Amino acid sequence: MLGTAPVETGTKTLQVGVGFATHPDAIWAAVRATAMARTGLQGAAAEMVLLITAGVPSQDTMPMIRSVLGPVGIAGGATAAILTHNGAVGSGALVVCLANSEGAVSGVAASAGRDLVDAAQGAARLILAGWPFRMRYPRGLGLAFCRPGIGAPAESFLASWRLLMGPKMRTVCSVLSTPVVYGASQAEPIVSAATRAAVKRLEGDAARLVLVVESDARHRALGSAAGDEWAAIKNEVDARVPCVGWLCQSVAAYGRGVRPTDAHGSLVIVALGDAPRR
């Protein structure tokens, strides 16, 4: 499956390439999905990659992706299922490549630590060290991926992360269903995180990518209604805009527009558009 976000030269800054391949071999699926995603960038070089795999995970997927895209920052992890055009798929790889001409894609960091709070602060400091914009509290979107079984909920990552990143960085944290987190850390990372600067409430601007992150518990509780909900979500999105995501053990988020979770778990939907003009 290939999704592309159309770009109007001279007026739009964000380019998105999305690829998905289903296969029990995570490396094969990731390489295939990467080739699809690179095609969607229309010749631009990827500056950031989100990698989500389902099925049998492998850390060897990152070297393979970099052999195709070059030394790009990668964040993500292995989890229960990937949300695609056809619903939840339990085996394969999702690759999202982001590029733009005005520095809005800011960086990827992976961090280990004594616990989730410590790892969150480490990842935040690494990203802020290379932040391209000089502002007290950076605006934008953060996506974090955490290993399971670390003795703390996703909210504890967000509280620690927010101390450094500030309240204007909307952030979604996924606690994955496997211990495999993709990132650039030499030590075994607890978390990996990626940010894109200058994301705003779209308010009439066209979305370039829609990400849906849902907890396993919520997906199971919906049962047969899960397919109907997924169809309803897609109906709200322009057919030309990629709408993908993943299931995880738990998910939490903060920022303007975030609502309390429901009784069965949580669902977070993020729309990425172009950076506001300065």
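This is a predicted model: local features need pLDDT of at least 70, side-chain atom pairs count only at pLDDT 80 or more; totals for chains, interfaces and linings use all residues.
**The open sheet**

- Five strands make up an open sheet with mixed pairing, and their order across the sheet is β6-β5-β14-β13-β16.
- The edge strands are β6, which covers residues 87–89, and β16, which covers residues 267–272, and each of these two pairs on one side only.
- From one strand to the next, the twist of this sheet averages 20 degrees.
- As background for reading such an arrangement, the strands of a sheet pair through backbone hydrogen bonds, and this pairing can be either parallel or antiparallel.
- Strand β5, made of residues 81–84, runs antiparallel to β6, and three bridges join these two strands.
- Within this part of the sheet, L83 stands opposite A88, a residue of β6.

**The helix across the sheet**

- Helix α6, formed by residues 225–235, lies across β5, β6, β13, β14 and β16.
- Of the strands that helix α6 lies across, β13 spans residues 209–215 and β14 spans residues 243–248, and the helix runs at about 145 degrees to β14.

**Salt bridges and their surroundings**

- A search of the whole structure finds four salt bridges, and those described here include pairs with quite separate positions in the chain numbering, such as R114 with D118 and D238 with R240.
- In the salt bridge between D238 and R240, the side chains meet with an N to O distance of 3.0 Å.
- R240, the partner of D238, has a relative accessibility of 57% and so counts as exposed, because the cut-off for that class is over 50%.
- Salt bridges that share partners also join E214, R218 and E229 into one network.
- D118 forms a salt bridge with R114, in which the closest N and O atoms are 3.7 Å apart.
- D118 has a relative accessible area of 23%, which means that this residue is partly exposed, whereas R114, at 75% relative accessibility, counts as exposed.

How values were computed:
Residues are numbered from 1 along each chain as its sequence is written. Side-chain values use heavy atoms; hydrogens and water are left out. Two strands pair if DSSP finds at least two bridges between them. Helices (H or I, at least four residues) and strands (E, at least two) are DSSP runs, numbered from the N terminus. Axes are lines fitted to C-alpha atoms, for helices over the stretch in contact, and angles run from 0 to 180 degrees between N-to-C directions. Contact means heavy atoms within 4.5 Å. Buried means under 20% relative accessible area, exposed over 50%, partly exposed in between (1.4 Å probe, protein chains only).
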